[in-house]
Amino acid sequence: MPTNFSAPNPYQPIPMRVLRAYYESNDRTLKTLELSFENQVDRVAFFKKFNPGQFCQLSLFGKGESPLGVASAAWEGDFVRFTIQRMGSVTKALHGLKPGDPLGMRGPLGNGFPLADWKGKNLVIIGGGCAFSTLYALTKHVQHPQNRPEFGQLTVIYGARSSGLCMYKHDIQSWYQRDDMEIHQAIDVPEESWDHHVGYVPDVVKQIAPSPDNAVAIVCGPPIMTKFTLPALVSLGFPPEAIFTSLEKRMKCGLGKCGRCNIGSKYICKDGPVFSLAELNALPADI
Amino acid sequence: MKYILPKNDLNALLTAWSAEYAVIAPQKTGAYAEFLPFTPQSELRLQEPHNTRYPVKALFFPQSEAILKYNRNVGQLENLEPEPQKRVIFGIRPCDAKAVTLLDTVFAEGDNQDPFWLARRAETLLIGLGCHEPCATCFCTSAESGPFHRDGLDALLTDLGEVYLVAALSERAELLFSGLTPADAAQQESALLLQAAAEKSLPKVFELDGLKEKLDRVFDKEIWAELAQSCLGCGICTFLCPTCFCFDLVDEAQRDTRVRNWDTCMYRVYSLEASAHNPRPTRKERTRQRLMHKYSYWWEHVGKLGCTGCGRCVRYCPVGLDIRAMIRKAGAYESEVLHAN
Amino acid sequence: MNELEQKIRSEAERLLKENLVDVVIAFRKEDAPLRPQPAFFTSIDDLENLVYNSLCANNLANYLTRYPRETRIGMLVRGCENRSVNALVVEKQHARENLYLLGVPCTGIIDWRKVIAVTGEDILEFEESDSTLTLRARHQSYTLPRAELLHSSCQRCVHPNPLSADILLGEALPEGDPKLIRERVETFEALTRSERVAYFKQEAERCIRCYACREACPMCYCEECFVDHNTPRWTESGTTPAGTHAWHIIRAFHQTGRCTSCGACERACPMDIQMTYLTDKLGKDMWDIYQFAAGMDDKTQPPFASFTMDDKKHFQAGGTQ
């Protein structure tokens with residue numbers, strides 16, 4: 001029998017407003033929204049809990065909600081960044097938003113990356129396509145001078161189908177000048193004036209062959225990329241406990257209540273979306 | 001304390017309670033019984049050969065509930081949480097009462113507790129009626145419950161023929177029944193014998209010990225395709241199930257309302273992603289999900305079985321699928337089929 | 001085991017043994033009392049589980065659309081099932097040459113809910129003869145007249161004999177009286193408008209949107225049903241009156257010229273909604289206006305699926321009959 005009989009409504013979004021909106025990809029399927037908080041108290045509460053790797057449910061009344069990975073680090077400012085791929089009715093409506101438009105947000109949700117466990121470790125961040133957004137948040141977090149000393153070497157491998165589809169182009173360009181990280185970008189087929197890798201991410205990973213010593217690898221990408229990258233990492237000597245990925249499934253409540261996003265007994269929205277390969281191996285193949 | 005409630009006095013008692021509580025009890029609708037608000041003119045149906053069809057969970061977790069209303073003109077959200085209302089649900093069966101406690105682990109424990117559920121649970125008492133003649137589709141004793149199980153109940157009634165023996169199990173229930181004559185030793189003894197007989201009348205339909213592990217080990221085997229073959233993929237088993245809780249959140253734009261509706265893992269669209277990828281593309285995966293959730297994943301979440309053996313899924317499945325047989329077959333698959341070969 | 005059941009088993013065995021079919025769809029013995037289940041036999045050893053009796057309540061044609069057109073299917077068909085198969089073949093949902101229909105003239109399906117309503121208790125054993133049912137329950141035995149316990153669609157059945165079976169197992173039965181369906185519709189039509197609206201609301205509003213009616217119906221095979229669309233959304237998803245009214249009306253309309261009045265929808269409904277009053281009305285209209293009844297052969301296109309130059313135009317502005 002429950003002992004308390006009231007609780008805040010967890011389905012109620014907090015009010016946000018679009019601060020900036022701009023396309024990331026040349027085909028306009030990827031758009032970044034940076035949202036500001038209407039209420040200071042919500043902002044404080046959000047950043048108190050926020051951890052890279054978490055996601056939020058963006059809420060548009062009349063359309064619905066869409067779970068999206070947070071693509072910014074807390075230190076970047078009083079806003080939250082999301083990069084949205086236009087797929088269905090809600091994401092299409094999100095694409096239609098302009099600076100000043102209101103919307104709702106529920107979050108941060110999910111477990112995020114286990115940064116406390118990664119202290120002192122080398123980070124190998126591997127992303128593909130639009131799934132790079134939370135890895136971008138992670139990279140931004142690590143890059144901050146206060147956070148950087150907590151981690152070892154930082155290697156980022158980011159592949160997209162073409163250069164036009166690459167997200168955060170401007171910022172990533174500046175990473176090549178940094179001496180506290182390695183950045184490797186890849187596209188599927190050669191393009192004129194592309195100086196970086198050409199090839200699929202799993203192959204690029206094998207080429208670069210990051211060392212598994214004292215390292216963790218974090219992989220986020222389309223299912224096909226993850227399917228081949230995880231074994232590539234295993235073959236490089238990364239143990240399953242040191243390989244992490246972020247999963248997706250159709251979601252509604254985002255709180256581990258509606259039952260929908262489960263893999264076996266784990267809810268991707270609550271126990272994930274970040275899982276280690278060791279944890280995944282213990283779960284049934286239900287994805 | 002145990003009391004005697006003559007059946008002839010039942011309506012009067014419920015009418016008396018109605019001064020303070022909204023009383024809800026099983027009454028006839030068409031060919032079957034349903035939990036409806038009690039009035040002094042109500043004709044109670046407590047002797048149905050089987051339980052109500054529509055599950056009692058709807059009294060705490062309505063099938064369709066508006067959870068947010070957006071006032072477009074002011075850009076503000078309206079709070080739709082119900083006020084706790086003092087209610088007595090009379091005549092709930094032990095399987096359904098236990099199911100309410102199982103759903104408490106989803107909606108009323110841990111983080112993000114559900115205010116809608118909590119408000120409805122707050123002032124509601126569950127007065128149970130034990131089943132002295134369990135039906136052919138009941139299997140509560142195989143599912144960690146029983147025809148006179150007490151989980152979740154404020155009081156439990158045993159039908160002794162002309163009278164009910166009432167066992168008050170909570171302080172609030174004591175207050176409700178305190179005006180009645182205490183039961184004597186003979187009556188209490190009758191009740192105990194009746195309860196024991198009812199429990200004994202239910203055969204064990206599967207072995208729970210080790211079942212979860214057996215099911216886990218055959219997750220990727222073909223037995224699930226065989227079990228799911230005739231399944232229609234409708235929502236009957238999940239909607240009538242007192243422990244199923246999956247829900248959908250959908251915006252009804254024409255009403256400026258976000259609504260929570262019961263949903264079912266049996267539908268194709270349940271797990272269908274915007275990219276058109278579906279992790280559970282066929283009936284095999286979906287039927288497996290339902291059975292595994294109830295008989296494996298619930299164990300991992302809260303250490304309890306996610307089924308209380310009410311038998312509604314067995315009784316109302318349009319193609320006669322019987323979860324008891326399905327679980328038995330899946331549980332025996334490893335030893336009878338895989339290892340036998 | 002009855003004689004008819006034995007004939008079905010023998011024929012099924014022959015079909016499998018001679019590799020004339022890839023699967024035989026029929027019924028197998030129940031797990032839950034009174035509920036034989038649709039079954040898919042691919043091996044002769046399994047056939048010992050095949051049963052056939054008046055409790056076999058599902059329209060097996062429903063399963064046809066689960067198989068690719070190339071699959072060779074042997075299927076038990078009664079009168080309404082054969083018509084459903086015909087209707088599906090007309091809609092190109094399977095190739096007739098890949099179907100072998102085991103025809104069984106049908107004396108009607110027993111509505112197990114009527115049985116329980118009469119006896120008031122669970123039935124443990126069941127036996128039937130031509131005119132009676134003998135039921136053993138926990139407290140006593142019952143002998144009840146069959147005719148009263150048939151499902152209401154079967155009580156109004158016009159075509160109990162399969163029309164185009166490849167083999168007929170059992171004696172042909174006399175045709176039913178078409179007036180029975182018609183009279184039921186006309187009785188409803190004779191109610192006042194507000195009585196009809198009240199009845200419609202009463203039936204629709206206890207719907208729990210489980211969609212069992214849709215899933216049990218052989219003609220509802222759309223991969224994405226209109227209720228699942230979200231761009232645009234056609235109905236509310238929840239159990240609001242508006243959403244549920246729309247569901248019932250639109251599903252009935254989608255059945256026009258396709259429904260064979262088998263009643264599988266009603267037998268599936270857990271809330272005892274008798275939705276055939278809608279589809280039977282549309283079926284009557286199809287007959288009165290177009291002289292068309294669904295599934296009477298596997299060639300004729302339903303009027304709403306075809307167009308000819310002499311189609312009626314009375315619904316057009318300025319059009320003539």
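This is a predicted model: local features need pLDDT of at least 70, side-chain atom pairs count only at pLDDT 80 or more; totals for chains, interfaces and linings use all residues.
**A helix face in chain C and its wider setting**

Chain C contains 11 helices and 9 strands. For 321 residues, a compact globule would have a radius of gyration near 20 Å, and the value for chain C, 20 Å, agrees with this. The C-alpha trace of chain C spans about 65 × 50 × 40 Å along its principal axes. Of the 321 residues in chain C, 42% are buried. Where contacts in chain C link residues at least 6 apart in sequence, 66% of them join residues at least 24 apart.

Chain C also meets chain B, in a contact that takes 33 residues from chain B and 35 residues from chain C. On the chain B side, helix H8 (236–240), strand S11 (247–252), strand S12 (257–262) and helix H10 (312–316) each supply at least two residues. By class, that side of chain B has 19 nonpolar, 10 polar and 4 charged residues.

Turning to chain B itself, the model has 11 helices and 12 strands in this chain. The radius of gyration of chain B is 22 Å, close to the 20 Å that the globule rule gives for 341 residues, so chain B is as compact as a globular protein of that length. Along its principal axes, the C-alpha trace of chain B spans about 65 × 65 × 40 Å. Buried residues account for 52% of the 341 residues in chain B. Among the contacts in chain B with a separation of 6 or more, 72% are between residues 24 or more positions apart.

Chain B is divided into domain 1 (2–201) and domain 2 (211–338). The centres of these two domains of chain B, taken over C-alpha atoms, are separated by 26 Å. Contact between them involves 34 residues of domain 1 of chain B and 26 residues of domain 2 of chain B. On the domain 1 side, strand S4 (64–71) and helix H2 (94–107) of chain B each supply at least two residues. The largest share of that side, 8 residues, comes from H2(B). Sorted by class, the side of domain 1 of chain B that touches domain 2 of chain B has 18 nonpolar, 8 polar and 8 charged residues.

B:Pro84 lies in the loop between strand S5 (76–78) and strand S6 (87–92) of chain B. With 15 C-beta neighbours inside 10 Å, B:Pro84 counts as partly exposed. B:Pro84 and B:Arg315 are 231 residues apart in sequence, and their C-alpha atoms are 34 Å apart in space.

Chain B has a contact with chain A too, and this one takes 32 residues from chain A and 39 residues from chain B. The side of chain A that touches chain B comprises 14 nonpolar, 10 polar and 8 charged residues. Within chain A, the domain assignment gives domain 1 (14–109) and domain 2 (115–246). The centres of domain 1 of chain A and domain 2 of chain A, taken over C-alpha atoms, lie 23 Å apart. Their contact takes 17 residues from domain 1 of chain A and 14 residues from domain 2 of chain A. By class, the side of domain 1 of chain A that touches domain 2 of chain A has 6 nonpolar, 8 polar and 3 charged residues.

Terms used
Residues are numbered from 1 along each chain as its sequence is written. Chains are lettered from A and ligands numbered from 1 in the order in which they are written. Two residues are in contact if their C-beta atoms, placed from the backbone, lie within 7 Å. Helices (H or I, at least four residues) and strands (E, at least two) are DSSP runs, numbered from the N terminus. Ala, Val, Leu, Ile, Met, Phe, Trp, Tyr, Cys and Pro count as nonpolar, Asp, Glu, Lys and Arg as charged, and the others, Gly among them, as polar. The radius of gyration is taken over C-alpha atoms; the globule rule is 2.2 Å times the number of residues to the power 0.38. A residue is buried if 20 or more other C-beta atoms lie within 10 Å of its own, exposed if 12 or fewer, and partly exposed in between; C-beta atoms are placed from the backbone. Domain bounds come from an automatic or database domain assignment.
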